[in-house]
Structure formats: C-alpha cells, structure tokens
Amino acid sequence: MASEQDLVRKMARGDEAAFESIYHDHQNGLFRFAWHMSGDRSTAEEIVQDDFVALLEKPEGFDGTRGSLSGYLFGISRNLLRKRLRAEWAEEPLGEDADPPAAEVDPNESFTIESVRAAVLSLPPVYREAVALCDLQEASYEEAATVLECAVGTVRSRLFRGRRMLSLKLKGKVRV
Amino acid sequence: MNERPRFLANLADEDRAMQTPRRVEAAIRQRVAAVRKPSPWRFLWPVVLTTVAAIGWLRPQAQAPPPMVEIARVVEPMRAVPELVLPAKAIAPRIAKALPRVTAPVQERITRRFYELAYAPPELLANSRMMRVRVPRAALLSFGLPLSAYRAQDEKVAADVIYTEDGIARAIRFVEDQNQE
C-alpha cells in the first residue's frame, strides 16, 4: 500500500488514481470543516478546491514523517479560512484566562439543528475551530493541536470554553 | 463540560452525510490532468554536446585533438527525426533493422549499421529518440570505419544518435554524403 507521501508525490505528477485516493479520503471532512467555520457553502467549496490545488502545487510542503496528510490538509484549510475571515479573526474574542460564566444548561438538552449551527457560527473563531475539529469532525486533541498549531492543553481549554459559550447561546443568555 | 454535549453530537450526525459537490472534484481533477511531467528530453542538448565531446576525445592520439570549444561549436543539428519507438528487445544490430526507412536525399547514403555506445535495457529502448548531429570525421576511426587521412583533420560527418529517455546516447550511425567520397 502506497504511503501518503508517495500518493502526494504521484498526484503532483498528475497521477489521477493517486488524486482520487487522496480526494475521496479527505474531501468531505475538509468540506464540513470549512462549512462549519464559514457558514457558507460556496466558501467551503472554494476552500476545498484551494486546499487540493495548494497540495498539488507544493507537494514538498507535506512531510509524512511529521504528521498525517489529514492534519496537513486541515492546516491548509485553516490558513485559507483565516485569510478569508481575516476581519472576524482579528476580533479579540475572550481572554484565554477568562472563563465564560458557567452555563446552567443540561448538556443533553435538545435544540434544533439550525439553532446549534447558528450558535457554532457565532463563536469566536478560535473556539469555533476547536469545536469544529474536536466535536464535529471528531478529531483527537492531538490531531486538533497539530492543525491549530498549539498545545493539547490549549485545545482542551478552547474546547471547554467553546462548549460553555455554546450552551449559553443556546439557552438564550447570550445573543446568537 | 468535558464531554461532547448532545446537541453537538446531533449536529455532527446531521452533517456527516454532507458531501462536497461533484463540481469541486471536477475542477481539481482538471488541475491534476493539467500537470505535465517535465520532459526528460530537456537535457538532450547538453547530452548531445557531451557525447560529441566524448567521441572527439576518442580520436587517435596521432591526431592533435581540437580544443573542446572547437568540438562543441561544430555540433549543428541538421534535423531531428520524429520520435521513434524501438522494439523492446532491440539490441544494436536489431535497432538498424527495426528503424523505419529514411527517405534520404539522392546524394545521401545512410550507413545501415548502428554502433552501440552504451548498453540499454530493453525497457529503456522502447522509448527512445534519434537525433541528427555532426561529429568530427575522425570519430569514424573509433568504430573501425575507413577514413581518409586528408579529410580526418577538419571535416565533419553527420551521424544519427539514439538517445534513451535517461538522456544517455546508446547507439550511433554515420551518414555519408556520396558526393564527398
């Protein structure tokens, strides 16, 4: 079985089979991540396309000994999203050391899908990406830390705050 | 809140079926198809020059070898014969038989024999090219061909050189102008 590094090299040489293998393994995850982050379908499509074009044009950027291809592709998507959502990203969300007030909500309480989606989109980007990766993509903390270029502890902390903020928003204590 | 809340699990389940539209794949596929492997023939001319220089170096010691610059300068492509596909099991004598007949001008006589310059595995020969170059006439001596001492010094002779994809010259045949003989 060809390694991810080999597949990337082959794809960069125009090998369609290698492209298909990589694309079908990663496309949907990348699309969902971009959609959860941007809330816009066409932006998500462009991010996926730009992501693969970046891999095609600079295959040497991926080093299989340093991480998985999935992590690498999500990292590219994240950078592309940061460029697109620059203004939003520039906002100072909440100090890393300032916890949001405890949400007095039952985490098992039901909400409509659309209200949850809107609440996720309203999160500051640093928390939104932690939630999108760990809770919606079901990535491990370690994988998320690689993509977000931060420590595992930071991922945990952002995820904790993100979830708490979501609960508050859904409970109506914070405007979505 | 260390565990994923149910509302997020529900959203993840709901979105799991979300798929990238086919047009995205089509657009990327187009880019992949547009990638062109750089031609291995881009190194052909440096290799031709090197080969000609090597042939010149093989000239007998009795003759003063011309300076390298001089050798390099006499290399003139006469015409590139379109791509030839040689049989996979070809070896030097078979190469000559396998080659298509060249419609040569009346005055031109192409020697039928190819001289092997370097061994090539059959899979390399399957995709090779021939190029017409001019080499010092004295190169004929390197292959045991007759040569007039009066003409050895300065004249050039046309030769067809077969190159494999790795850029190495594998065989050579000389093209004589009958008017000059």
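Mentor: α6(A) and α1(B) are roughly perpendicular to each other (an angle of 65 to 115 degrees; under 35 is roughly parallel, over 145 roughly antiparallel, the rest oblique). This is a predicted model, where local features need pLDDT of at least 70, side-chain atom pairs count only at pLDDT 80 or more, and totals for chains, interfaces and linings use all residues. Residues are numbered from 1 along each chain as its sequence is written, with chains lettered from A and ligands numbered from 1 in the order written.

Helices here are DSSP runs (H or I, at least four residues), numbered from the N terminus. α6(A) and α1(B), residues 6-15, pack at about 100°, their axes 10 Å apart. Axes are lines fitted to C-alpha atoms over the stretch in contact, and angles run from 0 to 180 degrees between N-to-C directions.

Who touches whom? From α6(A) come Ile113(A), Val116(A) and Arg117(A); from α1(B) come Phe7(B), Leu8(B), Asn10(B), Leu11(B) and Glu14(B). Contact means C-beta atoms, placed from the backbone, within 7 Å. Five of these residues are nonpolar, one is polar and two are charged (Ala, Val, Leu, Ile, Met, Phe, Trp, Tyr, Cys and Pro are nonpolar; Asp, Glu, Lys and Arg charged; the others, Gly among them, polar).

Now look at α1(B). Its buried residues are Phe7(B), Leu8(B) and Leu11(B). They span an arc of only 100° around the axis, so they lie on the same side of α1(B). The arc is that of the directions from the helix axis to the C-beta atoms. Buried means 20 or more other C-beta atoms within 10 Å of the residue's own, again placed from the backbone; 12 or fewer is exposed, and in between is partly exposed. The cover over these buried residues includes α6, α7 and α9 of chain A.

Methods. Helix = DSSP H or I, 4+ residues; strand = E, 2+ residues; numbered from the N terminus. Contact = placed C-beta atoms within 7 Å.
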